Amino acid sequence: MVPPGGTGPGGPQAAAADGGGKCRPLLHGFQPGRAVAGLAALAATLLFAGDAAGSWSTPWFVVFPVVFGGLALAAGAGLTHYTLRRRRSAMSASSDGAAAPASTSGSQAIR
């Protein structure tokens with residue numbers, strides 16, 4: 001049974017996939033914080049995989065600075081991305097030439 005959203009065979013997603021070989025658009029934007037966190041976890045994995053394979057010797061405590069340092073860098077990257085996105089959103093909301101919006105912080109209060 002196909003759900004009401006039409007995501008089954010023949011739905012809008014199937015039409016987009018068959019539409020002349022075009023790729024579907026991304027479902028979400030790029031998130032640099034998650035990318036940095038993933039790279040830190042991958043680095044820790046590669047360090048210990050090399051140790052397990054006998055290529056080099058990695059002390060057990062190396063995982064802490066690699067993972068926690070990567071998480072700190074990921075937090076910084078995520079915060080920077082969030083700040084830039086908020087600033088860009090506020091600038092585009094104020095430069096549209098229409099009347100001033102009620103608020104750019106998400107409040108739906110009517111003035």
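The structure is a predicted model, in which local features need pLDDT of at least 70, side-chain atom pairs count only at pLDDT 80 or more, and totals for chains, interfaces and linings use all residues. Residues are numbered from 1 along each chain as its sequence is written, and side-chain values use heavy atoms, with hydrogens and water left out.

Leu79 is exposed, its relative accessible area being 56%. This residue lies in helix H3; helices are DSSP runs of H or I with at least four residues, numbered from the N terminus. Pro32 is 47 residues from Leu79 in sequence, yet the two C-alpha atoms are 9.6 Å apart in space.

Aromatic contacts form a further theme. Rings of Phe, Tyr and Trp (its six-membered ring) pair if their centres lie within 6.5 Å; planes under 30 degrees apart count as stacked, over 60 as edge-to-face and the rest as tilted. The structure holds three such pairs. One of them joins Trp60 to Phe64 in an edge-to-face arrangement, with 6.3 Å from centre to centre and 90° between the planes. Trp60 is exposed at 65% relative accessible area, whereas Phe64 is partly exposed at 41%.

Phe64 also pairs with Phe68: the ring centres are 6.2 Å apart and the planes lie at 15°, so this pair is stacked. Both residues belong to helix H3 (residues 63-94), where a spacing of four residues separates them by about one helical turn. Phe68 counts as exposed, with 52% relative accessibility. Through ring pairs, Trp60, Phe61, Phe64 and Phe68 are linked into a cluster.

Terms used
Buried < 20%, exposed > 50% of the residue type's maximum accessible area, 1.4 Å probe, protein only. Helix = DSSP H or I, 4+ residues; strand = E, 2+ residues; numbered from the N terminus.
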